Amino acid sequence: MVNPSLPEVPAGDALRPYDLRCEHRGTPLGIGTPVPRLSWRLASDRRGDAQDAYRIRVHSRGALVWDSGWVEGQDVSADYGGAPLASFTRYTWRVETRPGGAAESWFETGVMHQDEWVAAWIGHDPETEPPFEPPTDEGEPRSARTAGLPAPRYFRRVLDLPPVTAVRIACTARGLYELRVNGHRVGDGELTPGWTDYRQRVPYQVYDVTDLAGDGPLCVAAILADGWWSGSLGWDMRQQAQRYGRRPQLLVQLVAEHENGSRTVVGTDGRWRESTGPLRHADLLMGEWYDARLEQPGWDLPGFDDSSWAPAGVVDTAHDVLVPSAAEPVRVTQDLVPVDVRPGDGRTIVDLGQNIAGRVRLVVRGAPAGARITLRHGEALDDDGGLYTANLRSAEATDHYVAAGAPVETFEPRFTVHGFRYVEVSGHTDVEVVGRVMHSDTPVAGEFSCSDDMVRRLMSNIRWSQRGNFVSVPTDCPQRDERLGWTADAQVFLPTACYNADVAAFFTDWLADLRCAQTAEGAVPDVVPHVMTERHGTPGWGDAATVVPWHLYRVYGDERVLRDSLPSMRRWVDHVERHNPDLIWRNRTGSHYGDWLQAGVRTSREVMATAYFALSAELTSKAAAVVGDVAASAHYAGLRSRIGDAFVRAFVSADGRVTGDTQTGYLLALAHGLIPEPLVPAAVGHLVADLEDRGRRLTTGFAGVGLLGPVLSAHGHHDLAYSLLHDDRYPSWGYSIKRGATTIWERWDGWTEEGGFGPVAMNSFNHYALGSVGAWLYGGVAGIGQEEGSVGFRRPLIRPLPGGRLRWAAASYDTPLGRLGSQWEVEGDTLRLEVRIPPGAEATVHVPTTDPASVRESGTPVTGEAVGGALACRVASGRYEFTAAWAR
Ligand code: BGC
């Protein structure tokens, strides 16, 4: 199992700031906001340590540009408050804490004022070059989509600059780019500039290329491909390609500093030259076609003769769409060596042992010039051991490499990504393959483990599905012709995602696209970025507009996400209310998918929709309160209460039944406080009875599945929650694991004994929504969470749930304050619990025990309050070791 582990926290007896961040990122280049947010975490092993005050000083070019002075209090973030930031400038910043230490970091700005852009969008005039027609072998089906599309273009320009002391490049594309300087690839981002709502925001990246610039002329070069801009996107054949534009375009702006302090600024323009090259075709869904015979050695070096290249066409100079890239780029984060290589009649099947999103690096030995080596990718093998690709639908996921005839050749595609575990290599047998794992490089934030193999595998599968589907935007799946930012998938998985990784920057950026996509009426589309104009306003999908900002705020404590999102949250709730004046959401339900992919039942669509309506009204009220809009907060609180009344009148019977009588119906109603208090035990009883009547089997789909653990354990039914967790009959997580799943399946019946593979029209083996149980593994089983009303884990709640087959469980999580941890183990009749609370936090720890009087902390009796099978006690920061009596 390959789960990245958490970096060490500085240890020691004194309080220390560490892990400094600017705008939720480590040392970012290209910061564009005039008021960046600076934050830090705290470490100390001394009990009760807390920060009393902090002071930040920011320097640039040797001068102090901001001194916050000593600021009393426990805040671990501050908005920059100094002199206006200059473009393309490095700022070093130092935070000091009292008591304790200091730490230093830096950030760099990008383009601070739109009028500083000089670069034009350049591209290729399609009339001058015939489109790429892939040659086909006899009998080989030819893709309707790859044929006829123009080949990727190569661009270059040589600059003669006076001696430089620093060089930065801001670069982006309407399309995808790879930037090169003096023969070297620049940066380690993949699929740059990433996917956003290009109509309104095109992100640019900033690179420090000082080290690549020697004393002589500087060659700036780039390869440009279609990507999301003009390549295949989604499944809708009518509009899937060229959705944003017909041809990709490049924009590069270079800023060089000279010894005397002056700057040269150069941008893309008609003096750049362009040509085709060995990369004949590149498409995110279809794959790449690379003909090594067409390489032009030195094409990205100053001395190259580009007289046969054409001048680049200037497309336009629209700068208002340019925004600084705000999230971590996609990167290759891991290499996978195959676990099995099976040669067969001219086709070798390579098994990476893990379903991933990414690509392969291929090494070819002894292939004659012109030999075509074909790489097909798939998630599974069919019964005969061949590659199974039916579930990819029209995504070809095929790369072709045409050999140049050198003794050893290496190929790795650049502008495509596949969802796969297996690769079929044909066309040559002496080959070597390494899997390259790609995803948005969100820092690892949490770890979970336990004594049970299957549960560990489940968490591994969840993590791998998160990695495979956070590829610039949160997608549903990485393999078929879809890969879209489905809003419900993102929303239900977000709590799990936040435990696994620091997704603050990733989701904040996505929310900007969500706001761009909202219709004039306030409806939120089913997918963001918005590419399916007709689908919007769907219950549980559109509610991402409220659920995502609120959850990000609670986890990361950054109020700005609410300030930015509140208008959009309000417009969404107002839209639903406007069309449903009796507050039962049955009109304007968009594509209403219900409890998507539920197993064998049908949850009432009105129940689900109205529960989400109540939730969205409530979160909007809370958000307005945080932002200080008292009137709006009261308005939405009133609306929430009226929706609640309407829900009870319409759907809750006098004996606590919820219309439809399904697990998801009860889960939604209970989780969102829609059952009147006196009826709660009865409603819980109906939920439990349904599970028991079915032999402890779940029926939940996307909307209900993540609530099973939390709701059952909140009402004292851990045993039942554990039964579901450990189950391996259909439908369960264990069922897929028994079948060898290494990621979370889209559907409970992705493969069954009776029917084999599930419906090819929709059967992804890497889809995280049903993995939203992960938050309960962290927050329930290991028990790391925060109190209701706590923000940024200021008041952690450690409430582990020993049970099921587990002997022990452990989780660590990097909160904005610092590391939080919980680890329990049952041995004989004793339970041991170790917790770690970050400085400044005030935690409540529920020590599970069958005898509250037996609880000791490092051998000393503990005072607390006995609550439902535990002793609840309050602790300050530090490490604690509890023991308690425990009888199964
Ligand atoms: C996607 C989903 C999505 C759903 C909406 C599917 O095609 O893969 O995960 O939420 O459509 O019904």
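Biologist: In this predicted model, at what angle do the axes of helix H3 and helix H4 cross?

Modeller: Helix H3 covers residues 487-500 and helix H4 covers residues 504-517. Their axes come within 13 Å. The crossing of H3 and H4 is left-handed, and the angle is roughly 145°.

Biologist: Which residues of H4 make the contact with H3?

Modeller: H3 contributes Thr 487, Ala 490 and Leu 494. The residues of this contact divide into 5 nonpolar, 1 polar and no charged. On the side of H4, the contact is made by Phe 507, Trp 510 and Leu 514.

Biologist: Which residue of E41 is the bridge partner of Cys 450?

Modeller: E34 pairs with strand E41, residues 808-814, in the antiparallel sense. That pairing runs over 5 bridges. In E41, the partner of Cys 450 is Ala 809.

Biologist: How far is an N or O atom in the side chain of Glu 482 from an oxygen atom of the ligand?

Modeller: The ligand is surrounded by residues including Asp 476, Arg 480, Glu 482, Trp 486 and Asp 489. Also among them are Trp 541, Tyr 593, Trp 596, Phe 702, Glu 746 and His 767. A polar side-chain atom of Asp 476 lies 2.7 Å from a ligand oxygen, and a side-chain N or O atom of Arg 480 is also placed 2.7 Å from an oxygen of the ligand. For Glu 482, the distance is 2.6 Å.

Biologist: Which strands stand at the edges of the open sheet of 5 strands?

Modeller: The order in this sheet is E39-E40-E44-E48-E47, and the pairing is mixed. Neighbouring strands are turned by 30° against each other on average, direction ignored. Each edge strand has a single partner, so one side of each is left without a neighbour in the sheet. The strands at the edges are E39 (784-786) and E47 (865-867).

Biologist: Which residue of E40 is the bridge partner of Gly 785?

Modeller: E39 and strand E40, residues 796-798, pair in the antiparallel sense. The pairing is made over 3 bridges. In E40, the partner of Gly 785 is Leu 797.

Biologist: What is omega for the cis peptide bond that joins Tyr 730 and Pro 731?

Modeller: Pro 731 is found in the loop between helix H13 (718-726) and helix H14 (733-738). A cis peptide bond also joins Thr 192 and Pro 193, with omega about 10°, and Pro 193 lies in the loop between strand E13 (184-185) and strand E14 (202-208). For the bond between Tyr 730 and Pro 731, omega is about -10°.

Biologist: What is the phi of Asn 182?

Modeller: Asn 182 lies in the loop between strand E12 (176-181) and E13. The residue is not a glycine, although its phi is positive. The value is about 45°.

Key: Residues numbered from 1 in each chain as written. Predicted model: local features only at pLDDT ≥ 70, side-chain atom pairs only at ≥ 80, totals over all residues. Heavy atoms only, no water. Axes fitted to C-alpha atoms, helices over the stretch in contact; angles between N-to-C directions. Helix = DSSP H or I, 4+ residues; strand = E, 2+ residues; numbered from the N terminus. Left-handed = near helix turned anticlockwise from the far one by under 90°. Contact = heavy atoms within 4.5 Å. Nonpolar A, V, L, I, M, F, W, Y, C, P; charged D, E, K, R; others polar. Pairing = 2+ DSSP bridges. Near = heavy atom within 4 Å. Polar contact = N/O pair within 3.5 Å; in protein donor to acceptor, adjacent residues only side chain to side chain.
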